[in-house]
Amino acid sequence: MKRIIIITGTPGTGKTTIAEKLCRKLNNSELLRSNSLIKEFGLYKYRTKDGELVADMERLRNELERKARKSAADTVIIEGHLLCDIRIKGATAIVIREHLRKLQKRMIARHYKESKINNNIVAEAVDYCGINAEKNYEKVYEIIGGDNAVENIIGILEGRQKPLKQIELLDELNHFIKTPKQKKIKKRYASVALHQSY
Ligand SMILES: Nc1ncnc2c1ncn2[C@@H]1O[C@H](COP(=O)(O)OP(=O)(O)O)[C@@H](O)[C@H]1O
Ligand SMILES: [Mg+2]
């Protein structure tokens, strides 16, 4: 039976790198990159004034399900940060987590705006992708990014390795907040945490 594996997580956690390696390691597998599909098939609603595409989630979901169904591969891997907010039928979700400092460095290297970096740091700290993936997928596993990630994913898929259900990075947010500017992040975190408690 065909299996579908979702690789999701905050931007910069290493999804694309890990999904590509995983695809090379698994026999007869195919990789679908949701960001590429959004651009290629125009699966977006509009462009923001910063030029970013706002995805049409329903069309993206339909296109991914159609492509996964049509695929001749035994394993279809789908990667992208939006996938935690979408339900792909029968898929297993792997959430890639990463330490906040590492994530910050990677986003700076990508020249992301400061506000975008701060939002994504908070999202990672509160495990936005993990919490939402839990709502949309029956099987959800969290993996810390880095060189061992692919082996760990294969170990979990083959039932050799006991998965970690959740990875705790919230504590790192406190060490992160040092400058007055970064205190703004703390305010944001407070509102996110309150919202999530309902
Ligand atoms: N295991 C790793 N070791 C070192 N750098 C990595 C590793 N995995 C990813 N990176 C780097 O981190 C950055 C983000 O990785 P990428 O796979 O593009 O993340 P995402 O797809 O989640 O946004 C890239 O510059 C990539 O080279
Ligand atoms: Mg990517």
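What follows is a short exchange about a predicted model.

Colleague: Why is the chain called a compact globule in its radius of gyration?

Modeller: A compact globule of 198 residues would have a radius of gyration near 16 Å, and the chain has 17 Å, so the two agree. The C-alpha atoms fill a box of roughly 55 × 40 × 35 Å along the principal axes.

Colleague: What makes strand 3 and strand 4 a pair?

Modeller: Pairing needs at least two bridges. Strand 3 (residues 44-47) and strand 4 (residues 53-55) have 3 bridges, in the antiparallel sense, so by that cut-off they pair. One bridge joins tyrosine 44 to alanine 55. The hairpin has 5 residues between the strands, and glycine 51 takes a positive phi near 85 degrees there.

Colleague: Which residues touch the most other members of the largest nonpolar core?

Modeller: Ile6, Ile77, Ile78 and Ile94 do, in a core of 39 residues. A second, separate core has 7 residues, including Leu100, Leu103, Met107 and Ile117.

Colleague: What makes Leu83 a contact of isoleucine 6?

Modeller: Contact requires C-beta atoms within 7 Å. Leu83 is among the residues that isoleucine 6 touches, as are Ile78, Ile88 and Tyr137, leaving out residues up to four places away in sequence.

Methods:
Residues are numbered from 1 along each chain as its sequence is written. Chains are lettered from A and ligands numbered from 1 in the order in which they are written. This is a predicted model: local features need pLDDT of at least 70, side-chain atom pairs count only at pLDDT 80 or more; totals for chains, interfaces and linings use all residues. Helices (H or I, at least four residues) and strands (E, at least two) are DSSP runs, numbered from the N terminus. A nonpolar core is a set of buried Ala, Val, Leu, Ile, Met, Phe, Trp, Tyr and Cys residues joined through C-beta atoms within 7 Å. A residue is buried if 20 or more other C-beta atoms lie within 10 Å of its own, exposed if 12 or fewer, and partly exposed in between; C-beta atoms are placed from the backbone. Two residues are in contact if their C-beta atoms, placed from the backbone, lie within 7 Å. The radius of gyration is taken over C-alpha atoms; the globule rule is 2.2 Å times the number of residues to the power 0.38.
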